[in-house]
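Have a look at the sequence and the model, then work through each solution step by step.

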Amino acid sequence: MAAPKLDRTPSIRERVEDTLHAHRNELVALLSKYVSKGKGILQPHRILDTLDEVQVSGGSALAEGPFLDVLRSSQEAIVLPPFVAIAVRPRPGVWEYVRVNVHELNVEQLSVSEYLRFKEELVDGQHNNPYVLELDFEPFTALIPRPSRSSSIGNGVQFLNRHLSSILFRNRDCLEPLLDFLREHRHKGHVMMLNDRIQSVGRLQSVLTKAEENLSKLPAETPYSQFANQFQEWGLEKGWGDTAEHVLEMIHLLLDILQAPDPSTLETFLGRIPMIFNVVIVSPHGYFGQANVLGMPDTGGQVPNNGMAINV
């Protein structure tokens, strides 16, 4: 029995060319409609709205083929008559750029640089200046892990935690930066997690074990202030929690990380370390075009609905 044949997914350029061959008049009508609006940038809704206008005029064939998927995946279109360049995101993390000459009906695939250069021509016009300023930020991100799967997009924290925990698991020496962070973490000059009495990972494990044994004998609701002095002598500061129960949970998490790091435990532990100490609420409600109305009864005082909370 012959093995099933896997067909190659056509590129965006090939889809546009196929549509041009199959529905030449309809596609030319659509692209001409874009060009008729003059040079500028078309947002996704404008791209699809123009398609609806062409369909009313008899261009319904475009709504039945692969070209519709191209338009639905389009993030923007650059119109610089007689050219229309489209940025397409067929799936997360994947971008393709095509440019069509509406007069000559040529379709070309563009690189990122070529697309951005074409986009700049909206403002600067055509130029062949070889001395264009380019900023290369690659050296700043060379050591930062990059997700290779589209499922990781939008889950950057989980991805970094998995990466970090795998490093900690493979190389115990990599626990030193975690120790350094816990020793250096401060708020207004006050040490939050570990003081200078703890100088090594081995010493940290020993102190945590001793603290675990001590806390297990106390009622869960015992306030931190009742054992703060003893903990400070061991090297533990006040950022571990407000009660014996909460402190014990933090200690268990860190002991688990030191013994066998895993992303879930690492994320939970880092998420409980006190990092946010001030919250600023900014409300633009009633600010523009009005005076002295912020928070007034007639505006509803809707700071939660009209404002932004900023962690600092």
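I281 belongs to strand 8, residues 279-282 (helices, H or I with at least four residues, and strands, E with at least two, are DSSP runs numbered from the N terminus). The model is predicted, so local features need pLDDT of at least 70 and side-chain atom pairs 80 or more, while totals for chains, interfaces and linings use all residues. Residues are numbered from 1 along each chain as its sequence is written, and side-chain values use heavy atoms, leaving out hydrogens and water.

**Exercise 1.** Decide whether F83 and F118 are buried, partly exposed or exposed.

Step 1: Recall the cut-offs: buried means under 20% relative accessible area, exposed over 50%, and partly exposed in between (1.4 Å probe, protein chains only).
Step 2: F83 has 25%, so F83 is partly exposed.
Step 3: F118 has 2%, so F118 is buried.

**Exercise 2.** Classify the aromatic pair of F83 and F118.

Step 1: Rings of Phe, Tyr and Trp (its six-membered ring) pair if their centres lie within 6.5 Å; planes under 30 degrees apart are stacked, over 60 edge-to-face, the rest tilted.
Step 2: The whole structure holds 8 aromatic pairs.
Step 3: In this one the centres are 6.2 Å apart and the planes at 85°, so the pair is edge-to-face.
Step 4: Because F83 is in strand 3 (residues 83-91) and F118 in helix 5 (residues 112-124), the pair ties together parts 35 residues apart in sequence.

**Exercise 3.** Classify the pair of W95 and Y97.

Step 1: Their centres are 6.3 Å apart, with 15° between the planes.
Step 2: The W95 and Y97 pair is stacked.
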